[in-house]
Amino acid sequence: MTSPRIRTIAAVLGAALLSTATACGGSGDSGGSVTLTYRLWDDQQKAGYQKVMAAFEKADPGVHVKIELLPYDQYWTKMTADAVAGTAPDVFWMQTSQFPEFVTKGILADLGALKLDTTKYNANVVQSYTYKGKLYGVPKDFGIVGLLYNEDLFKKAGVTMPDKLTWVPDGSGTLLETARKLTVDDNGKHPDQPGFDAGKVKQYGFASWNHYQTQWMNWVSSNGGKLVDKPFGKYAFNDAASVQALQFGVDLVNKYHVAPPAAQTNPPSDKINEMFKQGRVAMFPANNALLPFVAPGANFKIGIAPMPAGPAGRVVNINGLSEAVYARSPHKEAAMKLARFLSGPEAQKIMADGGYVFPALNGLSQGYVDYWKQKGLDVSPFLEESRGATFNLPVTTGFTAFENKLNQTFNDMYLGKLTPQQAADQAVRDGDALVK
């Protein structure tokens, strides 16, 4: 999650972005050697990008690339400040939630000159970085939500993962049935048995908590609800289908008791991740990007399954990053050369084969699957999901300023202080007030 401090600074400085960016124009390359600054936030991916940049410099020896790593909680603060000052890096990572603010203020270069065949890339990622029919981010990768599960806990309980997990707002379906079998209190009782003590649970069957990307947005979409009415539009998740889905996510915690209490898991707590790694939660929805942080610390065998299917089928979140070019880079020509290289198979294959990401360029994902297979993990369910029904995070202005309030409101919903309808209505009002 992005920190509240970053959101506040971004909101304060956002108004200045357009005027300053327009005023601080850069000149074209004047010949000779050029040094570009490339900024990212993932220290693990930096190792892969060192190989990528070495390949780029070999292909274009007149351009040197300096990789600049910033922790995520500092990245957007500095990006906003640099954009205001006219000193943004030449090429940098962009994500969907920040894209609307940057593209509408003229910070990102139109990449039409690269003449990319966008049909060769993941369609979700292309759509996420398209504004008024133009592409403003080279599709870099995609992450997708799947279901991690503790195979040892399943085996101990004598439970087999169903071929297809399903859920229905009324509680029917194989997901709740399976989660009950894997939820145990201190006396060995399950939630559907007499004497079960919801206050003394030693093992939970499922992780249901207030996390929009891996949790309730997937429930909403799988029940036929909508997050926004259109790209760069208004919020829509207070309709009947969406509220039913929100109620189901809350019921897993407060009614069925197969997930930990919200008092333990509500943001900004990271306790749910630790509970899974400690073997206290059997099933854990997660983006595949979490694997490098979860797998090494787990002392059990991790299985991977597709997300549960709802009444509208299985619909899961895809969230891809892009490579953005600073519109006022003083080395625009060289920056475009780097962007073109990053869009190609050589660069994206390096990152896929190294197990860093699913590449946005179609046809290269097997390298990522093979890498994790060598680590004992079958990540093919993630890839299978990406070929089915998927959705993007909301791409609309104001989301970064809205996110903190959204989390606060939904924290109260998971705690039972607000009904799902009350929480959704309040959140939609708050979000729409920030859409420009």
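**Rings, helices and strands**

Mentor: Start with Tyr75, which is buried, its relative accessible area being 0%. Buried means under 20% relative accessible area, exposed means over 50%, and partly exposed lies in between (1.4 Å probe, protein chains only). Before we go on, note that this is a predicted model, in which local features need pLDDT of at least 70 and side-chain atom pairs count only at pLDDT 80 or more, while totals for chains, interfaces and linings use all residues. Residues are numbered from 1 along each chain as its sequence is written, and side-chain values use heavy atoms, with hydrogens and water left out.

Trainee: Is Trp41 buried or exposed?

Mentor: Trp41 counts as buried, at 16% relative accessibility.

Trainee: How many aromatic pairs does a search of the whole structure find?

Mentor: The general idea is that a pair of rings is described by the distance of the centres and the angle of the planes. Rings of Phe, Tyr and Trp (its six-membered ring) pair if their centres lie within 6.5 Å; planes under 30 degrees apart are stacked, over 60 edge-to-face, and the rest tilted. Searching the whole structure gives 31 aromatic pairs. Trp41 sits in the loop between β1 (34-40) and α2 (43-59), and Tyr75 in helix α3 (residues 72-85), so their pair ties together parts that are 34 residues apart in sequence. Helices (H or I, at least four residues) and strands (E, at least two) are DSSP runs, numbered from the N terminus. Phe399 and Phe402 are also an edge-to-face pair, with 6.3 Å centre to centre and 80 degrees between the planes. These two are 3 residues apart in helix α17 (residues 399-415), about one helical turn. Both Phe399 and Phe402 are buried.

Trainee: Which residues form one aromatic cluster?

Mentor: Tyr38, Trp41, Tyr49, Tyr72, Tyr75, Trp76, Trp93 and Phe102 form one aromatic cluster.

Trainee: At what angle do α9 and α17 pack?

Mentor: Two packed helices are described by the angle between their axes and the distance between the axes. Here helix α9 (residues 240-254) packs with α17 at about 50 degrees, the axes being 9 Å apart. Axes are lines fitted to C-alpha atoms, for helices over the stretch in contact, and angles run from 0 to 180 degrees between N-to-C directions. That makes α9 oblique to α17; under 35 degrees would be roughly parallel, over 145 roughly antiparallel, 65 to 115 roughly perpendicular, and the rest is oblique. Contact (heavy atoms within 4.5 Å) involves Leu246, Gly249, Val250, Val253 and Asn254 of α9, and Phe410, Met413, Tyr414 and Leu415 of α17.

Trainee: In what order do the strands of the open sheet lie?

Mentor: Strands of a sheet pair through backbone hydrogen bonds, either parallel or antiparallel. In this model, 5 strands make an open sheet ordered β2-β1-β3-β13-β6, with mixed pairing. Two strands pair if DSSP finds at least two bridges between them. Edge strands β2 (63-69) and β6 (138-139) each pair on one side only. β1 and β3 run parallel, joined by 2 bridges, and Tyr38 has Val91 as its bridge partner in β3. Strand β3 (residues 91-94) pairs with strand β13 (residues 322-325) in the antiparallel sense over 4 bridges. There, Val91 has Val325 as its partner in β13, and Phe92 has Ala324.
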